[in-house]
Amino acid sequence: METLKLKPASQTQLPLIKKLYKRAFPRSEKKPFFVITKNQKRGRMEVLSLTDNDDFVGLAITIMHEELVLLDYFAIDSMKRGSGYGGAALALLLERYQGKKFLLEIERPEESAINNEERVRRKKFYLNNGFSETGIDIKLFGVTMELLSYNCSLTFEEYQGLYKHILSNFMVNQFVKRKTINYKQLIHPDLRKIAQKIPFNVTVIKMAVLAQTLMLKMIRVPSELQCRKVTVKGYEGLDVSVEIFEPKDAAEKLPCLLYLHGGGFGYRAAPHHKKLACVYAKEANCRVVFPDYHLLPRYSFPAAYTDALAVYEWICNHTEELLIDSKRIAIGGDSAGGMLTANLCNTVEQHGLKSPCAQLLIYPATDVRMQTESMKKYYDTPLWNAVNNRKMWNMYLPNASAEERALASPMENKLPQQLPNTYIETAEYDCLHDEGILYAQKLERAGAKVELYETKATIHGYDAATTSTIVKASVAKRVAALNQAFNTD
């Protein structure tokens with residue numbers, strides 16, 4: 001093995017490589033060889049020969065673009081297999097492309113596949129040699145494959161861009177696709193009507209403002225409750241509109257829930273947010289403070305956080321006037337609002353404010369790094385997905401410093417000594433699923449009392465289906481968590 005060499009193929013070696021190429025790979029996976037040689041001449045691909053004492057052993061064909069390298073084809077001659085050449089050759093490849101993002105495509109093991117044993121063996125070989133799953137499944141010229149990478153993270157867009165370097169955009173868009181999943185068949189039947197793909201970009205956000213404003217005004221407050229409106233000074237002295245939902249004519253001091261709606265920091269509160277705020281006010285017998293904090297695209301970090309902090313401080317400083325029990329103030333939120341909730345609970349003590357008695361985190365976003373398995377897996381789920389989530393972070397933290405990222409990202413927050421009791425809820429088919437679980441574990445390690453509820457057959461934002469039995473069950477658990485926090489000395 002000491003004489004094993006990996007070098008660009010010479011003209012005399014090309015016939016041997018072409019012969020092994022035709023024999024080693026199924027027709028459905030092979031590119032026309034002239035495409036390979038053409039891109040080799042352009043410096044976009046490398047055709048490498050593996051030799052031992054000048055004896056031909058195998059081939060490796062790679063695609064290169066910027067910092068990415070794809071091991072497109074890799075084969076050891078059938079007469080040389082079983083002698084350790086595969087692992088040794090892979091080590092030479094990793095050495096050759098050291099410092100690059102190195103990836104490869106393999107057929108995903110499936111019990112129904114005729115060659116499943118071979119697929120399992122091949123995947124085990126690469127995993128044993130330091131590769132890891134990216135969570136990205138693809139349709140490559142009609143063949144379902146999965147991507148593995150070596151010591152790096154990867155997005156599908158980066159992978160697709162690699163192919164656009166050697167093929168036309170039309171070819172890539174037609175034949176290099178992510179494998180799609182029919183989530184409507186997996187989720188609870190009650191949720192299928194709301195399971196729509198919603199884009200997240202500046203244009204759509206701006207177009208949605210008027211419609212969301214009108215829909216929110218159409219939601220009536222239940223007769224048992226009343227709503228009063230106030231204004232609080234927030235980010236850079238700007239006004240923050242605040243609604244307070246509370247039991248009608250309640251003259252005694254009540255607990256308070258500061259609720260921060262989700263929407264990727266871009267969309268305003270949706271009708272279901274207002275409905276649920278009213279449910280919390282009624283069922284937990286509390287005053288729900290519901291701020292309309294400043295949003296993207298005009299206001300990025302720290303506008304929303306500063307608004308939320310200002311409203312919390314206002315509540316703490318006006319408990320007598322608002323008839324709020326200062327010992328029973330909780331903070332809650334969903335999605336982006338869940339992130340703001342966690343941010344507040346981790347930082348209010350730094351501003352001389354009392355820690356809340358509880359926090360309610362509904363499928364929260366907690367990590368700007370976005371490296372979890374669910375983030376890799378759920379890139380096209382309805383309502384919200386990894387693609388939207390990445391756009392949100394990019395818009396929310398443009399040109400952010402490391403300190404700002406750490407402040408915005410709860411998983412990177414330094415936790416306070418006093419941690420509130422925490423209720424965390426996750427959705428099964430949600431890119432944020434694992435972030436919620438990891439954040440629960442972080443809080444528990446720090447000594448917090450945490451209730452984690454992992455809902456099943458659900459998607460991010462599933463509680464928009466407010467009449468669904470599965471939503472009612474989840475809301476009942478949220479209310480129970482609030483009541484427990486409000487009635488514990």
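Buried residues make up 54% of the 489 residues in the chain, and this share, like every value below, was computed from a predicted model. The accessible surface of the chain comes to about 22700 Å², and carbon and sulfur atoms account for 50% of that area. Taken along the principal axes, the box filled by the C-alpha atoms is roughly 95 × 45 × 40 Å. Within the chain there are 16 helices and 16 strands.

**The nonpolar cores**

The largest nonpolar core has 92 residues, and within this core Phe265 and Tyr396 touch the most other members. When residues up to four places away in sequence are not counted, the residues that Tyr396 touches include Phe265, Leu296, Phe301, Met339 and Ala408.

**Charges**

The chain carries 64 positive and 55 negative side chains, and the centres of these two sets are 7 Å apart.

A disulfide is a covalent bond between the sulfur atoms of two cysteines. How many disulfides does the structure hold? The number is zero. For cysteine 227 the reason lies in distance, because the closest cysteine sulfur, that of cysteine 278, is 7.5 Å away and therefore too far for a bond, while a pair would have to come within 2.5 Å to count as a disulfide.

| Residue | Relative accessible area | Class |
|---|---|---|
| Cysteine 227 | 30% | partly exposed |
| Cysteine 431 | 0% | buried |
| Valine 348 | 0% | buried |

Where in the chain does valine 348 lie? Valine 348 is found in the loop that runs between helix H11 (336-347) and strand S14 (358-362). Although valine 348 belongs to a loop, it counts as buried because its relative accessible area is 0%, which falls under the 20% limit for that class. Once its neighbours within four places in sequence are left aside, valine 348 is in contact with Leu309, Tyr312, Leu353, Lys354, Ser355 and Pro356. Leucine 323, which is 25 residues from valine 348 along the chain, has its C-alpha atom 21 Å from the C-alpha atom of valine 348.

Definitions and conventions: Residues are numbered from 1 along each chain as its sequence is written. This is a predicted model: local features need pLDDT of at least 70, side-chain atom pairs count only at pLDDT 80 or more; totals for chains, interfaces and linings use all residues. Side-chain values use heavy atoms; hydrogens and water are left out. A nonpolar core is a set of buried Ala, Val, Leu, Ile, Met, Phe, Trp, Tyr and Cys residues joined through side-chain atoms within 4.5 Å. Buried means under 20% relative accessible area, exposed over 50%, partly exposed in between (1.4 Å probe, protein chains only). Contact means heavy atoms within 4.5 Å. Helices (H or I, at least four residues) and strands (E, at least two) are DSSP runs, numbered from the N terminus. Accessible areas come from the Shrake-Rupley method with a 1.4 Å probe; for residues, only the protein chains shown count as cover. Lys and Arg count as positive and Asp and Glu as negative; His and the chain ends are not counted. The place of a charge is taken as NZ of Lys, CZ of Arg, CG of Asp or CD of Glu.
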